Amino acid sequence: MTPTENAVAADGAASTVPQEAPRLRLGVADYLTLGNALCGFLAVWALVVAQSAQEAAGIAGPLPRTAMATVVGLMLVAAALDVLDGRVARKLGGSGMGAELDNLADVISFGFAPAFFFVVWGMRTEGPDLLPVAAGGAVLLAVIVRLARFSCQAPGASYFTGLPCPFGAMAVVTVVLLDPPLVAGVTAVLLISWLMVSRMEYPKPRGRKAHAVLGILAVGVALMAVWGMGLPAGQTLIYLMSAAVLGFIVTIPFYVLAVRRAAAAQD
């Protein structure tokens with residue numbers, strides 16, 4: 001028999017072994033995942049409504065602060081649900097559809113929604129429309145590749161390879177909130193897209209790290225509310241939060257590398 005025939009025969013023998021069918025009913029974690037997807041959809045809907053209202057009124061310039069705060073708040077809630085669904089699935093058990101639902105929801109909330117957010121911002125600034133569209137497309141494609149690669153990796157690792165999609169989405173959001181010149185914003189978003197498909201390692205938010213991430217997201221939602229209502233110091237707080245997010249994304253891989261080198265030196 002040829003190697004191919006041997007492989008086919010082996011597969012046929014393995015297929016005769018009875019295997020337990022995966023549970024295809026939605027579990028508690030799956031409803032959190034669907035909530036994640038719904039938040040991403042609502043963020044896009046809020047963007048379309050705000051943009052349509054401004055165009056109907058003949059108003060140029062950036063979107064209203066309340067609309068932007070609503071969009072970012074929805075993305076932050078989506079990120080929180082993304083953290084929670086994994087924890088709930090590990091404690092209560094997940095369904096056979098859990099991983100697939102999670103990837104599909106992430107494409108909506110952390111791929112399409114932030115990419116569309118950046119495109120809307122970029123097309124309302126001075127400059128060629130092609131630049132923000134290209135950068136938004138890079139974000140969406142990077143998220144798809146990142147999720148596909150994650151699905152092919154062995155479970156159990158303590159690190160993500162590449163910037164996780166929720167953090168990538170939040171980074172794109174911070175670029176929009178900082179409102180830089182168009183070329184600078186496009187450059188930053190392209191860098192974020194590269195980080196998502198890079199080989200840089202980011203620690204997984206488990207245990208106390210997960211609680212810290214949830215706390216940060218809750219603070220982010222509160223800051224969005226303060227900023228959206230135009231309260232004093234709201235803009236300063238947004239700048240501080242944005243700087244912290246971008247600093248975290250850039251410095252964490254170097255911290256992980258330093259920890260690994262220190263551990264290797266001790267061995």
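## The second largest pocket

Helix H4 gives the largest share of the lining of the second largest pocket, 3 residues. This is a predicted model: local features need pLDDT of at least 70, side-chain atom pairs count only at pLDDT 80 or more, and totals for chains, interfaces and linings use all residues. Residues are numbered from 1 along each chain as its sequence is written, and side-chain values use heavy atoms, with hydrogens and water left out.

The pocket has a volume of about 260 Å³, and 16 residues line it, with Pro-62, Met-68, Trp-121, Val-176 and Asp-179 nearest its centre. Two or more lining residues come from each of helix H3 (65-92), H4 and helix H6 (165-178). By type, the lining divides into 10 nonpolar, 3 polar and 3 charged residues. A pocket here is an open set of points on a 1 Å grid over the protein atoms alone, where a 1.4 Å probe fits, with protein on both sides within 12 Å along at least five of seven lines; lining residues have an atom within 4 Å of a point.

## A nonpolar surface patch

Over on the surface, Leu-38, Phe-41, Trp-45, Val-49 and Ile-108 form a nonpolar patch with about 500 Å² of accessible area together. Its members have over 30% relative accessible area and no salt bridge, and nonpolar side chains are joined within 5 Å; a salt bridge puts a side-chain nitrogen of Lys or Arg within 4 Å of a carboxyl oxygen of Asp or Glu. Areas come from the Shrake-Rupley method with a 1.4 Å probe.

Helix H2 (residues 28-57) supplies 4 residues of the patch, the largest share. Ile-108 is found in helix H4 (residues 98-123), and counts as partly exposed because its relative accessibility is 34%, between the limits for buried (under 20%) and exposed (over 50%).

## The overall fold

The protein has 9 helices and 2 strands, taken as DSSP runs of at least four residues (H or I) and at least two (E). Buried residues make up 41% of its 267 residues.

Note on methods: Patch = residues over 30% accessible without salt bridge, like charges linked within 9 Å, V, L, I, M, F, W, Y side chains within 5 Å. Buried < 20%, exposed > 50% of the residue type's maximum accessible area, 1.4 Å probe, protein only. Points joined across faces, edges and corners; volume = space filled by probe spheres on them. Nonpolar A, V, L, I, M, F, W, Y, C, P; charged D, E, K, R; others polar.
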